Each structure stands twice: as C-alpha cells, then as structure tokens.
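The points below may be read alongside the sequence and the model.

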Amino acid sequence: ISDQKPLGCWSVKHGQILTCPVVCNFETHEYIAVHDDKVLRIWKNEDMNLDKAFKATLSADVYRIHSLPQGGPLVLFRGGAVRTLDVLLEAPQQEIENLISAEVIRWSGAFMEGQEPVLIFTTQKDWDFFVYVQKPKLNSLHKYKLEQQKPSKPLCFTAHITNQTVTLLCLYSNNSVYQVLIPLQQDTEEEEEQILSKSLLLKLSVSGAGLKGTSLVVLDKDHIAVLGSVPVPGKKPSELLTIWNTKFQTLQTSKELPLGTSGQLWCYEEKFFLIHGKVLTVIMYKCETSSLAAAVGKLKDSQTLDVSSFVNWNTLEDEELLVSFQSQESVALKAESRMNLRSRMSTVAGQSGTLSVGQLLLKLKGASNFVLEIELKKLMAKEPTADLQATIGCVVTALTDRCKGNPKYYPQGLLQEIIETRDFSYSLCPDLMAVALEKKDMQLLQICLERFPDIPEEITYACLKAFLSMSEDHLKSIDVNLDSAICYVDVELNDMEVKTEILENGFSEEMDQDMCDTKIPKEGQSDGESCPVGLQKAALLNAVLHSPYTETFLLPHLKNLPAQQAILFLRYLYYLYVKCSEKVNTTLPGIRSPTINQIMDWMCLLLDAQFTVMVMLPEAKDLLSNLHKFVRAQVRFYSELNKIEGSLRELQRLNHLRESQTYSIEVLEII
C-alpha cells in the first residue's frame, strides 16, 4: 500500500469464477483459492501462471477458507463440514458429510482459543437462524438456535472469543446491535438444540435518524465500527462510517462517505479497509481506555485534560481540522487512501502540566508569527514520537494557513528544517506542498518529493509541470540539492567525453550504426549525448522520478502536460536511459540518482499519455526514432548474449577450476 505498486496479479481462465476469497497460508507463505466451487488452487508469490499452480478437485462445494496464524487453514464446506487443509490434501476426493439440511450459511469466522482453532458459522432457514460452534481438531460440534424477533432479522454477524466464551454480535434490520454469549463447551457429545437469548447492545441512531447498517466489525472489548447509511429527506441516503462505545452505548465519531461504498468493511491489524467510490481506503485506528466522562463528553475541568482526540479526514474531502475537547478517551483514526497511506489521525496524550493539541492550537491561534515559530521549534526539540509527529503536523498546518492568508509571510528555512529533520509525510500537513508550489519554493518541493511516501499524483504532476516550465536562468539562482545529478549530467557539450573506453552493455556508436543504420547525432543538445536540461532542473526532475505513484491515478494528469514540456521530459528520460546503458551495472553515480526501473517506468508512462501528440509533432520525430533504434539495438545485443549464455557459464566454471598459483595462457574456442 505504501509503495502503491502491485506486488502480484493472477487470473483464472475465461469462464472460471473465483467463488470464495483468496487467503494466505501463514505457515507456508502460499496463496489458497477456490474457483468454480470445488477446484482448489495453491501457489506461491513467484508463480506467474495460475493455471500451472497446484490443483485439486474436491468432492463438495467450498463456502470459505479461513487461515489462522498458528492453526493453519480451515476449509468450510457449504454443507457445514470443516476440514483442515492438510487432511483435505491427503485425499481431495474424500467424502464430505452434510451437517445442515435446507440451511444456507450466512457468515463464518475462525478464531484461536489457546492452541485450538474454533470455527463459528451462522445459517438461515426461512425466519430461523442457527449458530454452529466447531472445534475441528477435537471433532466437536454444537448447534444453537437464535431466538426470533419478527419482523426484524439479522443482516450481518461478527464475533470474538474471550475467557472460553464466544461473544456473537448481530446487526439487525431494526437498526440495532444485539449480543449473544455462547460458552465454549468442552464435551464432544451431541446435545439437544439450545435456543440462544440475545441482549440489546446498541441502538444505532445518528442525529436522531436510524443508521441502517450493512457491515459490522469489533475493534476491542468496548468499541465497534458500523458501516451504514441514514435517510436524507429528498436525497439519496447518506453513507457513514461510525465508531461506537458499546460500554456506554454512545457514538464516538462518524464520517460521511459521499462517494458511496460497497457496503463491506474489513478490519485487520488495527486498520479498516473499505471501498470509497472507486478507490481502496485504509483507515488506521487506535482505541484508548474507555471512561464514562469521555463517552458522554462531560469532562468538568477542561484545563486538566489529559487527552484530546483530533481527526483529519482529508482523504475523503477537503475539510478543516476538527479538534474535540470533550473526549478524554480517543478513538483516533488515520485515513489512508489510494492504496497509499494518505490521511492521518492520531491520539496525543498530554502529561500533567502540559497542553493538549487542542489547547495548544487555541493558544497559538491569536499568537504572532514569531511566537508560533518558537512554539514549533520547542516541539521539534522534544524526543520524537508518533504522537509528537501528529502534533507538529497540526502546528505546521496552522503555519501554512497563515502563509495562505498573508502572502508576505513564508518561513522557508523553518519549513525545510522540519522536513529534513523529522520523519514527516504529506498527510500530516496536506497544504504544505501546495503553499510551496504557490511560492515557487523549488528547494522545499525537492525535499518533499524525495522524503514523503504519500504524495497524491495530482501534486506530483503539479511539481513536474512547475519544474519543466521554470527557465534555466532562474533555476541557476536557486539553491537546490544537486547530488542526484552532478556526477553524470554534462553541463557543457565541450566538457563531454563522447566515447567510452570499453564497450559496455552492448552500446556504442559503431554498433548502433551497424545494427540500426544510424548514428546518434553529434550536434549540440542532441538527444543521446548532451543533457537537454540544466543541472538544477535535472536534480528537480530526479526528485519527481523518486516519488511513489499509482499509474492509474497519474496517467490522466500526464495527458494534460503541454506538448513541449512532454518532449523535453522525454528527451531527459532518454538521456538518462542512454547514460544507464553505458554502465555495466546500469546504475547512475550519485546520491538518490534515478534507477533504470524508475527511468523506464516513467518513459513508458509518458509515452502512454502523450503518444498521439508525440506522433503528430515534427520536433518529436527524431527523438522517437532514436529512442526506437536504441532500444532495438539493446534488444538485439541481449539476444546475442542469451545465445552464448551457456558458453559464458562454462568459462566461469573453468575459471573456478583453474589453480590460482599457476600462470597459463589458454585459447578457448566458442562453437
């Protein structure tokens, strides 16, 4: 998620359908999938073709596979039977019993109780709902029936196990959450079907309107999260993500999701996962100890607050920072979007005699710029912690707000010091780079691009466009870090060494001429030999190449890049590509220099976005032709290397066998 790169992608054949979620076997680091209900597939990360992966056809339809870190994968069949994966693989065609008749499984979950895996699933038959608790290793199965509550019925379930007791939470259609307690019985004998009674845990109401929930997850013993919608008169229902305190039956926080969701909410390792619009949104959360005063928002002395919760939901829409002084308990959320950690929330725990974040921001609201900078420097002098980072982010946000309100105020040195000395991120202060772009602070933008892991593609594109449009004369007067470019960029054509001493990576002018019937031109500012941009601009463009991105989100912005800037950028990428190819290890010298993969990725991305424009422009014709010929020469050279790969390995083997003490001259004929 943080790198915004797909790590693997596999697909089934046309006509086949994945019929249950894919899971990972924590013990063997393998993926397990089921397609067409009965066909089991198992493969590892390095396997490229799913069709060639391990295949086993089972004798019954699979409902779900559950993978436990210590318990191994459990396979739940639609008939209610459960097998461990190891037992199933010993005889894939073994007979699978049907434990449920005319019932349909609605939900299932797997848990560890001590060293024993426990699988729980619920079924439905007309208006009746049943709960099954199964211990596969002990061959223990217990069936229960939920008491009816017509006309409402359960929509979804979730559960957790504590002290040998299963706590089953049921989200009902009457906008309520009910709790059912089921003791884990030790005996394995069949008993009569028991009827489970339930108790009302929560009545879901947001601003007086009932929340129609679609998904429910447990955060800890006192908190749950519910994804749902509330009716809006004359409009479509408003979808919300809400967090509730079950101990005191209060709504802790909620956020509207204007782009809509799929109705599903997942939770894993203190992170929510949900689909918001067309993007995956990841929301980190942290729950502190619950207290009644915090839950009802009635702390008596605001001066003795130990904790303030603050929430920054910039992932979803542009809003001001929301600071709450009414909650000593904090359910702090960090929203991260586009498969990349984007928007942060945290909990800042103050100590006796110190100010909370909210109090500090109120204090600084009317303070002078000098006082604001002094307070920020005091914070930076403290020992770095995650909470302190969030606090600094809030104060920097207040600082950038002043920059936007006062065009003459811009503490460039302080902002650079913060970025260089702190493990900062874009989401801690989303307006910082926008202000730097407005002020044309190229140095700060360069630092941010090199250090921030979560810059939105829109901002990355804005930086690229600003760098390309800046004149070389103006850039010479700007102090930027040249370490990434100074070791290989040829500033003046006269200082260049056109030829290399040895043939490396299969490229030389003679080979290129021989293979492609052309030479790279030797005129000044030629695409292949001299750098098309100055040293300062090259260093800034290198910072853009280092910034993580998602191709899907960046491509639409690159299509808007002016044609002349696109050609200039492609010429520079081509220059870097040639420079990399001159070296045996395809690595450019310098600190934070672009890698060959980054250069190739950006070159392909730019060509995808601007290819039609490039083909139509006469000034791009020679560039595209040279690029094509150079790549063709590289492909041919590596093809020749592949042909003699066996001979080269034999030479290497003979080298190892030769005694190092003796001197000899050998002539080896390669046939």
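1. In which helix is Thr460 found? Thr460 is found in helix 9, residues 457-469; helices (H or I, at least four residues) and strands (E, at least two) are DSSP runs numbered from the N terminus. Thr460 counts as buried because its relative accessibility is 1%, where buried means under 20% relative accessible area, exposed over 50% and partly exposed in between, with a 1.4 Å probe and protein chains only. Leaving aside neighbours within four places in sequence, Thr460 is in contact (heavy atoms within 4.5 Å) with Ile455, Val544, Ser547 and Trp602.

2. On the basis of the note: this is a predicted model, in which local features need pLDDT of at least 70 and side-chain atom pairs count only at pLDDT 80 or more, while totals for chains, interfaces and linings use all residues. Residues are numbered from 1 along each chain as its sequence is written, and side-chain values use heavy atoms, with hydrogens and water left out.

3. On the whole protein: there are 17 helices and 29 strands. Of the 671 residues, 49% are buried. Among contacts with a separation of 6 or more, 58% join residues 24 or more positions apart. The protein exposes about 34300 Å², with 51% supplied by carbon and sulfur atoms; these areas come from the Shrake-Rupley method with a 1.4 Å probe, and for residues only the protein chains shown count as cover.

4. On helices 8 and 12: helix 8 (residues 442-451) packs with helix 12 (residues 535-546) at an angle of about 30 degrees, the axes being 8 Å apart. Axes are lines fitted to C-alpha atoms, for helices over the stretch in contact, and angles run from 0 to 180 degrees between N-to-C directions. The two helices are therefore roughly parallel, a label for angles under 35 degrees. Met442, Gln446, Leu449 and Glu450 in helix 8 meet Ala539, Leu540, Ala543 and Val544 in helix 12. The residues of this contact comprise six nonpolar, one polar and one charged; Ala, Val, Leu, Ile, Met, Phe, Trp, Tyr, Cys and Pro count as nonpolar, Asp, Glu, Lys and Arg as charged, and the others, Gly among them, as polar.

5. On helix 7: the buried residues of this helix (residues 432-439) are Leu432, Met433, Val435, Ala436 and Leu437.

6. Leu211 is buried, with a relative accessible area of 0%. Not counting residues up to four places away in sequence, Leu211 touches several residues, including Val226, Leu240 and Trp244. The C-alpha atoms of Leu211 and Val226 are separated by 8.9 Å.

Conventions: Parallel < 35°, antiparallel > 145°, perpendicular 65-115°, else oblique.
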